[in-house]
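Subject: Handover of a structure and notes on its interior

Dear colleague,

Please find the structure below for your records. My notes on it follow directly after.

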Amino acid sequence: MAESTAEWYRRAAGELAPHSALHGAWAAALADDAEVLQIVDALPPAQRHPSLLFAVADLLGASTEATSYSELRAWLLEHAGRLAAAAHGRRTQTNEVGRSAPLAAALARLDGPIVLLELGAAAGLCLALDRWTIAFDGDDGATSTLGAGEPVVRCRVPGPGPLPTRLPRILDRRGVDLAPLDPLDPGDARWLEALTPVDRPDRRERLAAALAAVAVDPVPVVAGDVAELIAEPERMRAIAPEVPVGARLVVVSLGTLVYLHRDVRARFLDAVRAIGAHAITLEGTNALPEVSERAAGRDSAHPTGHLLALDGEPLAHVTPHGDRLAWLR
């Protein structure tokens, strides 16, 4: 039996709270609010997602009027029609720059040169990971710093295991998304900001710095359906940048596959192998059957609900936004 919207928001409250106390509190209160749930249930299923709902409300100015749930509630009741119109066609496209840290940790296992193709790339910000500073902080006080410039992305690495010390040379990069975002477009930049909780100014500042870092040379993101590319791997290969002799293609998914049907997700790794590419995934522990099976019985210093994997081999538990990475033992 499919979970109700109330159950969805109740579950989301626990998932959101560690990363945004405000969104966690809003989701918990909304789950018990029958009147507001009617507004949410009037939206198409894809637009009922808690993070998407709060982002659309922020886009329309709710965050300047609402900090408590009672204020958000009043705003939603007053602006239900505007909310529905603005949510139409929107998707969760949180281009979380913090995920560039676990991406870097996985890439450190590969020899270069490489070419990157990210599925569900939004504005392609994580593909520009070599244009800013990524710092890995160990429990013993040691720090390994990759790159230079702003933003500075920090990632805690608790427990045993090496800190990443290098990135392979990236020759080219490209993203694919159902609805590509342009980092130079003020409207798209504002949408990315709205997708970042207002009570996390640190993440919003990091996002602004990443947008500035790619402004001179934005990463190209082309329109495409990830499910179709998985079904026809040669189309995935064709949409990727040209891979020079001696280089390897690396296909990346940072929280995208979870939005696809489980049968489609299950074919992802075979599709990438079929075109002779590497695969780096940061997905929920149960999103990819092959990865979850290989991770069974293994633990880490900081278990989470997300696994970083390279070519289907689980490497580490990672927090959803990439601020903590614990190698599997």
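Helices (H or I, at least four residues) and strands (E, at least two) are DSSP runs in these notes, numbered from the N terminus. The model is a predicted one, in which local features need pLDDT of at least 70 and side-chain atom pairs count only at pLDDT 80 or more, while totals for chains, interfaces and linings use all residues. Residues are numbered from 1 along each chain as its sequence is written, and side-chain values use heavy atoms, with hydrogens and water left out.

I begin with Ala-316, which is found in strand 10 (residues 313-318). Ala-316 counts as buried because its relative accessibility is 0%; buried means under 20% relative accessible area, exposed over 50% and partly exposed in between, with a 1.4 Å probe and protein chains only. Contact means heavy atoms within 4.5 Å. Leaving aside neighbours within four places in sequence, Ala-316 is in contact with His-306, Leu-307, Leu-308, Leu-325, Ala-326, Trp-327 and Leu-328. Ala-301 lies 15 residues from Ala-316 in sequence, and their C-alpha atoms are 9.6 Å apart.

Turning to the domains, the assignment for the protein chain gives domain 1 (5-87) and domain 2 (97-327), with bounds that come from an automatic or database domain assignment. Their C-alpha centres lie 28 Å apart, and 12 residues of domain 1 are in contact with 13 residues of domain 2.

A nonpolar core is a set of buried Ala, Val, Leu, Ile, Met, Phe, Trp, Tyr and Cys residues joined through side-chain atoms within 4.5 Å. The largest has 79 residues, of which Leu-30 and Phe-136 touch the most other members. At least three residues of this core come from each of domain 1 and domain 2. Apart from it lies another core, of 28 residues, including Val-115, Ile-230, Val-251 and Val-264. Not counting residues up to four places away in sequence, Leu-30 touches Tyr-9, Val-36, Leu-37, Val-40, Leu-53, Phe-54, Tyr-69 and Leu-76.

Grid points are joined across faces, edges and corners, and a volume is the space filled by probe spheres set on the points.

Across the whole structure, 2 cavities of 30 Å³ or more are found. The largest cavity has a volume of about 70 Å³, and helix 9 (residues 201-215) gives the most to its lining, with 3 residues.

Helix 9 gives the most to the lining of the pocket, with 4 residues.

With kind regards

How values were computed
On a 1 Å grid over the protein atoms alone, a cavity is a set of points where a 1.4 Å probe fits but cannot get out, and a pocket is an open set with protein on both sides within 12 Å along at least five of seven lines; lining residues have an atom within 4 Å of a point.
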